[in-house]
Amino acid sequence: MDGGGSPSLKISEADANWELIRDKVIEERFGPSVVPVPFLEDAASYDLLTVLIKKPQLGQSLLRRQCVLVPIGPLESLLPSGPAPRELTHCTREYSARVRGESRYEETRLVDGALRHIRLCLAGVHKKVAFLALRPGTVALRPDLPWLCSQRSLYVVHEVFYAGSLSLAVTQDAEHRHFVQEAPLPLAFACLKFALSHKGVLGSQKPMGRSLPTRVAWIRMAMLEASPPARALEAPLPRERETTALRKRWRVLGRPLRTVTGEETGRPHPPPPQRKWPFKQRRPKLGFSCGSLADPERHCMSLPLLQSIAAAESDTEE
C-alpha cells in the first residue's frame with residue numbers, strides 16, 4: 001500500500017487508532033457541532049440523507065445510560081414503493097476546503113504502557129450539504145418497519161465532510177505500520193432531528209440540544225448484523241407452570257380480600273385461633289403503698305414530703 005514497504009494496518013486496527021484521535025481532529029478541522037464518523041469501517045453508512053434511530057435499551061431512562069444511535073439506511077429506502085414525494089426533492093451543494101493541499105495531524109499517546117505516535121494525513125477535503133424542505137405531516141414511512149412503534153424521533157444526515165484520500169501511520173516500539181484509503185471517505189456529519197408519530201409520519205423539526213455528540217454511543221454495523229434473532233416462545237416446564245399458577249393467586253395491592261363465610265361453603269366457620277399477648281401482664285400488688293382495687297383514690301399521689309413539712313410548721317406555731 002505504501003512505498004516504504006512497511007506492513008499495513010487492517011481496517012479494525014486503523015479504527016482502534018482512529019478512535020483515539022477522531023474527536024480532536026474533527027473539532028479542530030470542522031468545529032465542535034460536527035459528529036465524527038465513529039468507525040472508518042462503517043464510514044459509508046453515514047453518507048448524505050442517512051437516517052439514524054435510537055437503539056432501544058432496557059432501563060435507559062432509569063439508569064441514565066447513553067443513547068445508542070444506529071444508521072438504518074437512506075431516507076428514500078424507508079418510504080413506500082412508488083415515486084418519491086415532492087417534499088423530498090432537495091438541493092445538494094458541494095463545498096471545497098478553504099485550505100488547499102493536505103491536512104496533517106500528529107499525536108503521541110500512551111497506550112498499554114507504551115508510547116504510540118499517530119500521524120494522520122487528509123487530502124481532498126470537501127463537504128456536501130442537502131437542503132431539505134420537509135413540511136410536517138407530508139412524508140410517511142413504510143408501516144412494516146419493525147422499529148416504528150418504539151421511536152418518537154429520528155435523525156437525518158444533511159451535511160457530510162469527505163476526504164478524497166486518507167493515510168494513517170502508527171509507530172510503536174520501533175515498528176511502523178500504515179493504512180491508506182484512496183477512495184472518498186466520510187469523516188464527519190451533521191444531523192437534523194424530526195418528530196415521528198406512531199404511524200410513521202414525520203413531524204416538525206426538533207432542537208438537537210446537547211445530545212450529539214457528547215451523550216451518544218455507537219455500535220459497529222457488524223455487531224448489529226451478528227446479533228442473535230429473537231428466540232421463539234417455548235412451552236413452559238412443569239416447575240415454571242407451578243410458579244405461574246402461584247403468581248396468579250396474588251392480588252393487586254390495595255384491593256380488599258373477599259371473606260368466604262360458612263353459609264356459602266356449607267361448612268361451619270372455624271373459630272379464630274387464639275393468640276397470646278406478647279407482653280407480660282403485671283398485676284398490682286395490694287399493700288400499704290397501693291390501695292385496693294375498689295379504692296376510688298388508688299390513683300392519687302401521696303406526698304409524704306409535704307406532710308412532714310406541714311407537721312413541722314404546726315410544731316413551730318405551738
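This is a predicted model: local features need pLDDT of at least 70, side-chain atom pairs count only at pLDDT 80 or more; totals for chains, interfaces and linings use all residues.
1. Start with the core. The largest nonpolar core has 63 residues, and the members touching the most others are Leu-120, Leu-141, Leu-154, Leu-166, Phe-189 and Trp-218. Elements that each put at least two residues into this core include α1 (11-30), β2 (50-54), β3 (67-74) and β6 (114-123).

2. Leu-154 is worth a click. Leaving aside residues up to four places away in sequence, Leu-154 touches Val-51, Leu-52 and Ile-53, along with Leu-141, Leu-192, Lys-193, Phe-194, Leu-196 and Leu-202.

3. Now for β6, which is mostly covered, with seven of its ten residues buried. On one pairing, β6 runs antiparallel to β5 (residues 102-111) over ten bridges, and Thr-108 sits opposite His-117 of β6. The two strands make a hairpin with two residues between them, and Asp-112 in that turn has a positive phi of about 55°.

4. β6 also pairs with β9, again in the antiparallel sense, through eight bridges.

5. Last, the cysteines. Searching the whole structure turns up zero disulfides. Cys-67 is buried because its relative accessible area, 10%, falls under the 20% cut-off. Cys-149, at 61% relative accessibility, is over 50% and so counts as exposed.

Key
Residues are numbered from 1 along each chain as its sequence is written. Side-chain values use heavy atoms; hydrogens and water are left out. A nonpolar core is a set of buried Ala, Val, Leu, Ile, Met, Phe, Trp, Tyr and Cys residues joined through side-chain atoms within 4.5 Å. Buried means under 20% relative accessible area, exposed over 50%, partly exposed in between (1.4 Å probe, protein chains only). Helices (H or I, at least four residues) and strands (E, at least two) are DSSP runs, numbered from the N terminus. Contact means heavy atoms within 4.5 Å. A disulfide is a pair of cysteine sulfur atoms within 2.5 Å. Two strands pair if DSSP finds at least two bridges between them.
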